[in-house]
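Have the structure open as you read.

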Amino acid sequence: MDRRRFLDWMIRISGTTLGAFVLYPVVRYLVPPRIPEAVTRRVVAGKVKELQPGSFKIFPFGSQPGLLIRTQDGSFRAMSAVCTHLGCTAQYRGADRMVWCACHNGVYDLEGRNVSGPPPRPLERYDVHVEGEDVVVEKARTS
Amino acid sequence: MIARVQEWLRDRLGLDELQQLAEHKQIPLHRHTFWYYWGGMTLFLFGIQVCTGILLLLYYRASADEAYESVRFIMTQVSFGWLIRSIHSWSANLMIGAAMVHMFSAFMMKAYRRPREATWLSGMLLFGLSMAFGFSGYLLPWNQLAFFATKVGTDITGAVPVVGPFMLRFLRGGDHITGATLTRFFGFHVAILPAIATMILGVHLYLVQRHGMSVPPQVEDQGTPVPQMKFVPHFLLRDMVGWLAALGGLALLAALLPWELGLKADPYVPAPAGIKPEWYFGWMFQTLRMLPSHIAGLEGELIGIIGIGLAGMVWLLAPFLDDPTGRGPRARFWSGLGVAAIVYITVFTLLVYRGGKP
């Protein structure tokens, strides 16, 4: 290898190395840091009087929306409100007695099972119980 | 005095060379010449976007606590704020519409044939950037529709095999749609995308200038020389008539149908009924909506995303897959593919506005 070719290669290698040293911190900077979230297993989702039979509310379960439903018979159901299709927030439709996602017309039953439309998986079910005036929602024991 | 200033400018800026360059450009005249106007129209609307975007920047505040309020302030308190914002939003839609007409007409006229493959690639890149401008800008008012559109859009990115999870966190600035996402999208919309778009636009315009206008194969085959028109001033003046009409149309749309602001984004309300993305994402939205939950054991959503990605890749590589002469059975197949794509996109976009039902 003559001197010119050697120098050409040295310049290429040095340039690539310098580029990598400049790019590496930039790429790392672009990726947001992982901020640990407190694991939420139990929240007070609302008050008993707040929900009439046939109505629902969206409540924060950790950083995600949860869906609390009061059925026509007065009992409570709770599940994740995050549609398993593309992550929109689902809602309860009292007239049809189903959980519906408006974004792509996904439908779930009151057990959270995907029954029609594009959702590929059921919604995560939560346990619900009433403590005095509070409706308490917990991660299902099996989850 | 004025003559001396003009002379000084001509000498120092090399205006003679620029003038020669401009006079060199010729536009072929044939029955498809109408389609040559759409690139200039897209460029004009891009100019409107830049001007109105800069004006909006003077009042807009990019944080989850203030973004919605600042846009409301622009719409209700700032003199002609409603006009500037409405023109920005309408012009964005018209620009993507014009870019689509430009792209499809270039495809159908086989303008991507040798030596214009790079012109096609740079144009496709610009089209992708326009969509990215639309997607990132849509979130900035921080309203309910924007929130869910961004949620769905980034989730689609997240479902892409291998790089999806990384891309999702990169786009969102975390795991969820938060103020961090808004700040990021603002940065993309006003700094990163404009910088890239300006560079690619420069390359695209240079290539158009270098290779001249493409003449469709069927016009070339007529055997007679194609008459030409000078770009400066004759075609440019015709272009400007179109731009004036577009400006009038924009003013009319902004005045009669001012762009709505909607409700402020709230992560704890359900997606509103009738939610749909901007029209240019409609065909993809409708495709994903109509797919069943599972196809051949795989999630329908994944199949849809891979299918759309592959279709986009085939479209991008058309200059290398089609017959390089633009003639023969392979060229006819590609023309048919172009028609099929136009029909598919039109029908599926219209379906969105019919509630997803044919």
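Start with A:C88, which sits in the loop between β4 (76–80) and β5 (91–93) of chain A. Keep in mind that this is a predicted model. Is A:C88 buried or exposed? A:C88 has 25 C-beta neighbours inside 10 Å, and therefore counts as buried, since the cut-off for that is 20 or more.

Who are its partners? Setting aside neighbours within four places in sequence, A:C88 touches A:C83, A:C101, A:A102 and A:C103 in chain A, plus B:F148, B:K151, B:V152 and B:A271 in chain B. A:P65 lies 23 residues from A:C88 in sequence, and the C-alpha to C-alpha distance between them is 9.9 Å.

A:C88 also turns up in the largest nonpolar core, a set of 87 residues. Along with A:L67, A:L68 and A:C103, A:C88 is among those with the most contacts inside that core. The top contributor to this core is helix α5 (residues 81–108) of chain B, with 12 residues. As for A:L67, its contacts beyond four places in sequence are A:F56, A:I58, A:A78, A:M79, A:A81, A:A90, A:Y92 and A:V99.

Now for the meeting of the two chains. In total, 29 residues of chain B are in contact with 25 residues of chain A. On the chain B side, α7 (144–158), α8 (164–172), α12 (282–290) and α13 (300–316) each put in at least two residues. Which helix gives the largest share of that side? That's α7(B), with 5 residues. Sorted by class, the chain B side that touches chain A holds 16 nonpolar, 7 polar and 6 charged residues.

| Helix pair | Angle | Axis separation |
|---|---|---|
| α6(B) (117–139) and α9(B) (179–211) | about 160° | 9 Å |
| α3(B) (37–57) and α5(B) | about 155° | 8 Å |

At that angle, α3(B) is roughly antiparallel to α5(B), and α3(B) passes α5(B) in a left-handed crossing. Their contact is made up of 15 nonpolar, 9 polar and 1 charged residues.

For the other pair, α6(B) and α9(B) are likewise roughly antiparallel to each other. The crossing of α6(B) past α9(B) is left-handed, and their contact has 18 nonpolar and 9 polar residues, with no charged ones.

Conventions. Residues are numbered from 1 along each chain as its sequence is written. Chains are lettered from A and ligands numbered from 1 in the order in which they are written. This is a predicted model: local features need pLDDT of at least 70, side-chain atom pairs count only at pLDDT 80 or more; totals for chains, interfaces and linings use all residues. Two residues are in contact if their C-beta atoms, placed from the backbone, lie within 7 Å. Helices (H or I, at least four residues) and strands (E, at least two) are DSSP runs, numbered from the N terminus. Ala, Val, Leu, Ile, Met, Phe, Trp, Tyr, Cys and Pro count as nonpolar, Asp, Glu, Lys and Arg as charged, and the others, Gly among them, as polar. Axes are lines fitted to C-alpha atoms, for helices over the stretch in contact, and angles run from 0 to 180 degrees between N-to-C directions. Angles under 35 degrees count as roughly parallel, over 145 as roughly antiparallel, 65 to 115 as roughly perpendicular and the rest as oblique. A crossing is left-handed if the near helix is turned anticlockwise from the far one by less than a right angle, and right-handed if clockwise. A nonpolar core is a set of buried Ala, Val, Leu, Ile, Met, Phe, Trp, Tyr and Cys residues joined through C-beta atoms within 7 Å. A residue is buried if 20 or more other C-beta atoms lie within 10 Å of its own, exposed if 12 or fewer, and partly exposed in between; C-beta atoms are placed from the backbone.
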